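My notes follow in the order I made them.

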Amino acid sequence: MRPAIHALAIVAGLAAPIALTFWSTSGSGPRSAAQAAAIAAEAMTPRQVVEAFEALAFDQRKPLEAARKYISPEMRDHSQRIVGDYPSIIAFLEKLDWAKEGGGPQRTIHHLVAEGDIVMVHHHLVRTPGTPGISAVDIFRVKDGKIVEHWEALQDLPATSPNKFGAF
Amino acid sequence: MPTRSIDGGGLNGATIARGSAAFMIAVYCAQFFFGGWFVAHGLNQWLDFFPRPKGSSPVARELIMALNHSGLFDLVKAMEVVTGALLLANRFVPLAVVAAFPIALSIAHLNLLVNPDITSKIVGVLIMAILGLIALGHLDKFLPMLAFNNGDPSDRGLRQLFGKR
């Protein structure tokens with residue numbers, strides 16, 4: 001092939017699929033932003049991701065499996081109990097043995113609020129039966145169906161309190 | 001058979017039959033379109049110069065997200081860039097066809113069997129048809145692979161590769 005024809009073929013070869021892609025992803029194309037949004041809506045919402053994570057981790061007592069399924073490897077955890085990256089979360093969860101009978105905390109969700117990519121869970125955790133446990137707020141940021149960031153606020157509940165409404 | 005002179009006698013100067021010339025042009029069109037497609041979409045993984053397809057169905061989205069989260073998508077896209085560049089450079093084309101085949105098959109599977117929309121079906125058929133056409137254009141290079149009785153393995157290929165007979 002002559003160099004001039006080859007150069008033209010390269011330009012045409014690049015231009016044709018790029019033009020086709022720009023058209024197909026434009027407002028009038030078959031793969032527009034509106035179509036992508038409709039598909040995204042069919043996929044799991046951030047709230048559903050967090051609910052699924054909580055159900056697998058706490059209700060089915062499989063925190064490690066839940067982390068591997070719903071936490072992104074790019075996770076940033078702001079919990080001051082761990083280093084905060086994905087390997088440190090996995091290492092932390094590997095030490096837990098919630099699968100055995102009575103293992104893991106008793107957990108009751110009191111509020112679950114989702115706005116945009118942020119999901120907040122306010123729950124009561126009792127790690128040792130017979131103790132008041134803790135009031136916990138976990139805040140998750142979800143991206144592309146995975147939890148990518150986590151913050152927590154934990155409050156140890158006293159055995160006695162002057163508050164007449166209770167912690168929840 | 002009547003002959004036709006293209007670009008002064010075939011694209012590389014040889015006089016070729018009219019049917020062969022049409023076939024050659026069709027294969028070149030397929031090759032450069034496919035090469036441009038793979039280079040553009042491969043580079044888009046890092047350059048983001050047009051909206052990245054996130055999948056035309058929830059399952060496709062899951063797959064693409066899983067590929068991204070595992071880091072495998074970077075490898076796939078790098079392969080797309082390399083094979084696409086080889087096709088555009090018109091060098092190692094049979095090798096590029098073989099290397100691109102598993103990627104094209106995955107794209108075709110997703111578009112034909114998972115995605116419900118008609119655009120996906122068209123893309124699924126087109127990608128295999130285009131790659132198949134390029135492969136047919138270089139079938140003579142693949143023919144040695146189609147040996148039913150392959151014989152014993154030997155170091156003949158290694159000796160040929162390094163110029164020792």
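**Entry 1: a pair across two strands.** I began with A:Asp138 and found that this residue stands opposite A:Glu152 in E5(A). I kept in mind that I was reading a predicted model. Next I looked up how the two strands pair: strand E4 (residues 134–143) of chain A and strand E5 (residues 146–156) of chain A run in the antiparallel sense, over 10 bridges.

**Entry 2: the sheet around them.** Which order do the strands of the open sheet follow? I read E1-E5-E4-E3-E2 (chain A), a sheet of 5 strands with mixed pairing. At the edges I noted strand E1 (71–77) and strand E2 (106–115) of chain A; each has a single partner strand, so one side of each is left without a neighbour in the sheet. On average, neighbouring strands here are turned by 25° against each other, direction ignored. A reminder to myself: strands of a sheet pair through backbone hydrogen bonds, either parallel or antiparallel.

**Entry 3: one histidine.** I then picked A:His124, which is found in strand E3 (residues 118–126) of chain A. Leaving out residues up to four places away in sequence, A:His124 touches A:Thr108, A:His110, A:Gly133, A:Ser135 and A:Phe168. I also checked A:Thr108 by C-alpha atoms: it is 16 residues from A:His124 along the chain, with a separation of 5.2 Å.

**Entry 4: two helices.** I moved on to helix H4 (residues 63–70) and helix H5 (residues 86–94) of chain A, whose axes come within 9 Å and cross at roughly 160°. That angle is over 145 degrees, which means H4(A) is roughly antiparallel to H5(A). The crossing of H4(A) past H5(A) is left-handed. For the contact, I listed A:Pro63, A:Leu64 and A:Ala67 from H4(A), and A:Ile89, A:Ile90, A:Leu93 and A:Glu94 from H5(A). By class, I wrote down 6 nonpolar, no polar and 1 charged residues.

**Entry 5: where the chains meet.** Last, I looked up how many residues each chain brings to the contact: 26 residues come from chain B and 27 residues from chain A. On the side of chain B that touches chain A, helix H1 (18–47) and helix H2 (58–70) of chain B each supply at least two residues. H1(B) gives the largest share of that side, 8 residues. Sorted by class, the chain B side has 13 nonpolar, 9 polar and 4 charged residues.

How values were computed
Residues numbered from 1 in each chain as written. Chains lettered and ligands numbered in written order. Predicted model: local features only at pLDDT ≥ 70, side-chain atom pairs only at ≥ 80, totals over all residues. Contact = placed C-beta atoms within 7 Å. Helix = DSSP H or I, 4+ residues; strand = E, 2+ residues; numbered from the N terminus. Nonpolar A, V, L, I, M, F, W, Y, C, P; charged D, E, K, R; others polar. Pairing = 2+ DSSP bridges. Axes fitted to C-alpha atoms, helices over the stretch in contact; angles between N-to-C directions. Parallel < 35°, antiparallel > 145°, perpendicular 65-115°, else oblique. Left-handed = near helix turned anticlockwise from the far one by under 90°.
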